[in-house]
Amino acid sequence: MLIDLHAHSTESDGTDTPAELVATAVAAGLNAVAITDHDTTAGWAEAERAVRELGRPGTFRLVPGAELSCSSPDGRGGRVTVHLLAYLFNPSSPALVREQSRLRAERRERLHQMAHQMASDGFPIDPEAIMAGLPPDSPGGRPHLARALVAAGTVASVDEAFAKYLSSSGSYYLPRTDTPVHRAIDMISEAGGATVLAHPFAHKRGPVVNAEVVAELADHGLAGVEIDHPDHDEPTRAKLRELSAELDLIPTGSSDYHGTNKTIRIGQETTAPDSLERIIARCTGSKVIS
C-alpha cells in the first residue's frame with residue numbers, strides 16, 4: 001500500500017488541477033492520496049469526481065484535507081509559523097469557513113502587494129494578470145509570483161525566485177496573520193477532523209518549534225506528526241519517531257507534492273496503512289472517497 005497524505009493542486013500553489021493530481025497519483029502507483037491545498041477545500045469536488053470516474057472500485061482512495069498556516073509558540077520565548085495538515089473535517093463548519101475565507105483574502109492581498117512592489121521596481125511582471133490567473137477560490141501565494149518571474153525570464157526556477165526575492169528574509173517578503181495553532185486544532189476537532197503537524201523540524205525552512213511545543217500540542221488535541229518528509233534528514237526522522245511514540249502521535253509520511261513547482265515527485269515519501277486507518281477512525285466530519 002502506497003499512501004501520500006500531503007499534496008497540492010492548482011487550487012492553492014500546485015501545478016496539477018485536482019483531477020490531474022488524482023491521475024498523477026494513480027499513474028505513480030499510489031493507493032491513496034490526500035488533497036491538502038492551503039486554506040481551501042475548493043478542489044475537493046473535482047478530485048472526488050476524478051476518483052469516481054476511475055471505474056475501479058476499491059483500488060484507490062482520496063483523503064479530503066487542507067493545509068493550515070498557523071502561528072505557534074516556538075518553546076524558546078518567541079513565535080514561529082507552523083503548518084497543520086487537517087483531514088476529513090466538515091468543510092461547512094461555520095468557524096472554519098470564516099477563518100479560511102479570511103486567510104484566503106489576506107493571502108491574495110499579500111500576493112498583489114508583493115507583485116505590485118516588484119513591478120514598481122522594474123520587474124517585468126503584470127500584477128493584475130497574476131491575480132486574474134488565480135482560480136476564484138484560490139488563496140494565491142508566493143509560488144504564483146515565482147512562476148511569473150520564471151515566465152518573465154528573471155529567474156530560472158521557482159527555487160531561485162524564493163532564494164533571491166521571496167523567502168522570509170527576501171526584500172519583497174510581506175508577513176501575514178496566521179491562525180493561532182491552538183485555535184486551528186480546536187476548529188478542526190469541532191469540525192470532526194484530525195490534525196497532523198506538517199514537517200515540524202524542517203530547519204532548512206526557517207525557525208521551528210521544539211519538542212516541548214509538540215508535546216503541548218499533543219495534549220491540546222493534535223493527532224499526529226509528519227515524520228518522513230523531503231525536508232527531514234535521517235537524524236531528524238529518528239528523533240521524531242521517538243517523539244511520536246512517546247506522545248502516542250500518529251506518524252505519517254508525505255511528499256508535499258506541488259507539481260512542477262518543486263522537484264519532489266508524488267509518493268516520494270509515504271504513510272503506513274495503519275496510520276491512515278488511525279486518522280480515519282478519529283474523524284466524523286467527512287469520508288474517504290474510493
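Visitor: Which residues does Leu84 touch, not counting residues up to four places away in sequence?
Guide: This is a predicted model, in which local features need pLDDT of at least 70, side-chain atom pairs count only at pLDDT 80 or more, and totals for chains, interfaces and linings use all residues. Residues are numbered from 1 along each chain as its sequence is written, and side-chain values use heavy atoms, with hydrogens and water left out. With contact meaning heavy atoms within 4.5 Å, Leu84 touches Ala66, Glu67, Leu68, Cys70, Val181, Ala184, Ile185, Thr195, Val196, Leu197 and Leu222.

Visitor: Which residues of helix H1 are buried, and why do they line one face?
Guide: Helices are DSSP runs of H or I with at least four residues, strands are E runs of at least two, and both are numbered from the N terminus; buried means under 20% relative accessible area with a 1.4 Å probe, protein chains only. In H1, residues 18-27, the buried residues are Pro18, Leu21, Val22 and Ala25.

Visitor: Against which elements do the buried residues of H1 pack?
Guide: Just after H1, Gly29 takes a positive phi of about 85°. The buried residues of H1 themselves pack against strand S1 (3-7), strand S2 (32-35) and helix H2 (44-52).

Visitor: What is the distance between the closest N and O atoms of Arg107 and Asp39?
Guide: A salt bridge is a side-chain nitrogen of Lys or Arg within 4 Å of a carboxyl oxygen of Asp or Glu. Arg107 forms one with Asp39, and their closest N and O atoms are apart by 2.7 Å.

Conventions. Buried < 20%, exposed > 50% of the residue type's maximum accessible area, 1.4 Å probe, protein only.
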